[in-house]
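Reader: I would like to go through a structure with you, one feature at a time. Tell me how to read each feature, then what it gives here.

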Amino acid sequence: MNTLNNINDTTVRQAIRKAGGDPKTTEFIELAFPDMQAAHERGQVDAIQVVEPFLSRGLSAGATLIASNYVDTAPELTIGAYFSSAKTVAEKPDLVKKFTAAMKESLDFATANPDKVREVLLTYTKIDEAATKELVLPSYVSEINRPALDTLIQLSKDDGLLQADPKLDTLLP
């Protein structure tokens, strides 16, 4: 894992459960994404959980995909979201409305234009052009998938990461 006690090891535990395994028998080690493939190739770890561009690089180098932990946990799992303070929402509703509209527009554009997404990656990452063609791009959704989030919350509670349910009705629109 790149970070312990977060969405990655929680969803990997669920992928292990779905495959009939016991995640309690798995030892998770924290490694930076760029270091994972080499650690795996040297036999220092049995498996790695990576995201793009490291997934495509690993597959190109002969690694075998054994699970898709986010999808195995819940199809269309919400992995990230933007939040604002109640103060900003109350004092600057026009700003919040414009930001929300801009984000939705950009997500819709990214969905309709995967080649443009790959092109813009070259402007702010160190991914080379050939590698961008192999990337598995995410889904760009503008709505939080509440049932999938509820699943993630329950798993986080089961794994001891959360003691109580977050107040989603307060946090989410």
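Reader: What share of the contacts in the protein with a separation of 6 or more comes from residues 24 or more positions apart?

Author: In this predicted model, residues 24 or more positions apart account for 53% of those contacts.

Reader: Which secondary structure elements does the protein have, helices or strands?

Author: The protein has ten helices and zero strands. Read along the sequence, the pattern is α-α-α-α-α-α-α-α-α-α.

Reader: How are two packed helices described?

Author: By the angle between their axes and the distance between the axes. Here, take helix α1, residues 7–18, and helix α9, residues 146–158: their axes come within 10 Å and cross at roughly 90°. Angles of 65 to 115 degrees count as roughly perpendicular, so α1 is roughly perpendicular to α9.

Reader: Which residues make the contact between α1 and α9?

Author: On α1 they are I7, T10, T11, Q14 and R17. On α9 they are L152, L155 and S156.

Reader: What are the overall dimensions, and how much is buried?

Author: The C-alpha trace spans about 55 × 45 × 25 Å along its principal axes. Of the 173 residues, 26% are buried, where buried means under 20% relative accessible area.

Reader: What is the accessible surface, and what part of it belongs to carbon and sulfur atoms?

Author: The accessible surface comes to about 11,800 Å², and 56% of that area belongs to carbon and sulfur atoms.

Methods: Residues numbered from 1 in each chain as written. Predicted model: local features only at pLDDT ≥ 70, side-chain atom pairs only at ≥ 80, totals over all residues. Heavy atoms only, no water. Helix = DSSP H or I, 4+ residues; strand = E, 2+ residues; numbered from the N terminus. Buried < 20%, exposed > 50% of the residue type's maximum accessible area, 1.4 Å probe, protein only. Contact = heavy atoms within 4.5 Å. Areas by Shrake-Rupley, 256 points an atom, 1.4 Å probe, with all protein chains shown as cover. Axes fitted to C-alpha atoms, helices over the stretch in contact; angles between N-to-C directions. Parallel < 35°, antiparallel > 145°, perpendicular 65-115°, else oblique.
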